[in-house]
Amino acid sequence: MQNIAIFPGSFDPFHIGHESIVRRALPLFDKIIIMIGYNANKKSFFPVENRIKWINQVFDKVEKIEVRLHEGLTVDFCKEVGARYILRGLRTSADFEYERAIAQINKKMHPEIETVFLLTLPEHTPINATIIRDIIFHGGDASMFLPKGLNREEFTINGKKSNS
Ligand code: ADP
């Protein structure tokens, strides 16, 4: 049986903190599915097609990684794809408190699924997608927080909010 992990998030956009968690988790699993949580009623900053494309570009040569879109509960997606692990990153104690509750409830309802946490690298602790969106929205350069190899031009919004 394959050890499959789901790395769920909105990834709006996928940044170096996310990339680091996925790369560090690679030796632990046979496959990691990066699951973009999708909500048809919620506007995102970057179109979902771009978010999928960018993650695929980051992990271009990595066979163990797949990118999928899912609307609904992460645990339902785990069952759909036969994953027994949910991978999450922990930045701060606030992350821990939030994640602990979700992981414990998930465990209670779906005992076969384990949530696995990796601590953020110290230099990635302050990075979050909201701040990156804000920089881009106001015409700043957020490229130092974005994975290498992506086309920086595609992250320029010129003060105009992107719709998905
Ligand atoms: P959500 O929008 O659902 O909170 P994100 O897309 O921001 O999720 O993040 C998805 C996952 O990546 C979460 O497990 C989160 O803890 C982790 N993560 C977010 N930012 C960082 C970071 N700077 N370093 C490491 N992990 C991070």
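Ala-83 counts as buried, since its relative accessibility is 6% and the cut-off for a buried residue is under 20%. This value, like the others in this report, belongs to a predicted model. Ala-83 sits in the loop that runs between helix H3 (74-81) and S4.

Residues up to four places away in sequence aside, Ala-83 touches Ile-4, Ile-6, Cys-78 and Ile-113. Phe-14 is 69 residues from Ala-83 along the chain, and a distance of 22 Å separates their C-alpha atoms.

## The ligand and its shell

The ligand is surrounded by 15 residues, and the closest of them are Ser-10, Gly-89, Arg-91, His-124 and Ile-127. By class, the shell around the ligand consists of five nonpolar, eight polar and two charged residues.

An N or O atom in the side chain of Ser-10 is 2.6 Å from an oxygen atom of the ligand. For the side chain of His-18, the corresponding distance from an N or O atom to an oxygen atom of the ligand is 3.2 Å. Gly-89 places a backbone N or O atom 2.6 Å from a ligand oxygen. The ligand taken alone exposes 550 Å², of which the protein buries 84%. Strand S1 (4-9), helix H1 (16-25) and strand S4 (85-90) are the elements that give two or more residues to the shell.

## The loop between S1 and H1

Phe-11 and Pro-13 both belong to the loop between S1 and H1. Phe-11 is buried, with a relative accessible area of 2%. Although Phe-11 is not a glycine, its phi is positive, at about 50°. Most residues other than glycine have a negative phi, and most peptide bonds are trans. The peptide bond that joins Asp-12 and Pro-13 is cis, with omega at about 5°.

## Ser-20 in helix H1

Ser-20 has its place in helix H1. With a relative accessibility of 11%, Ser-20 counts as buried. Apart from neighbours within four places in sequence, Ser-20 is in contact with Leu-121 and His-124. His-124 is also one of the closest residues to the ligand.

## Gln-104 in helix H4

Gln-104 is located in helix H4 (residues 93-109). Its relative accessibility is 48%, so Gln-104 counts as partly exposed; a residue is exposed over 50%. Glu-114 is 10 residues from Gln-104 in sequence, and the two are 9.4 Å apart in space, C-alpha to C-alpha.

## Helix H5 and its ends

Within helix H5 (residues 129-137), the residues Ala-129, Ile-132 and Ile-136 are buried. These residues lie on the same side of H5, because they cover an arc of only 60° around the axis. An α-helix has 3.6 residues a turn, so residues three or four places apart point the same way.

Features are also found at both ends of the helix. At the start of H5, Asn-128 brings a side-chain oxygen to within 3.0 Å of the backbone nitrogen of Thr-130. Just after H5, Gly-139 adopts a positive phi of about 80°.

Technical notes:
Residues are numbered from 1 along each chain as its sequence is written. This is a predicted model: local features need pLDDT of at least 70, side-chain atom pairs count only at pLDDT 80 or more; totals for chains, interfaces and linings use all residues. Side-chain values use heavy atoms; hydrogens and water are left out. A residue is near a molecule or strand if one of its heavy atoms lies within 4 Å of it. A polar contact is a pair of N or O atoms within 3.5 Å; within protein, one must be able to donate a hydrogen and the other to accept it, and residues adjacent in sequence count only if both atoms are side-chain atoms. Accessible areas come from the Shrake-Rupley method with a 1.4 Å probe; for residues, only the protein chains shown count as cover. Helices (H or I, at least four residues) and strands (E, at least two) are DSSP runs, numbered from the N terminus. Ala, Val, Leu, Ile, Met, Phe, Trp, Tyr, Cys and Pro count as nonpolar, Asp, Glu, Lys and Arg as charged, and the others, Gly among them, as polar. Buried means under 20% relative accessible area, exposed over 50%, partly exposed in between (1.4 Å probe, protein chains only). The arc is that of the directions from the helix axis to the C-beta atoms. Contact means heavy atoms within 4.5 Å.
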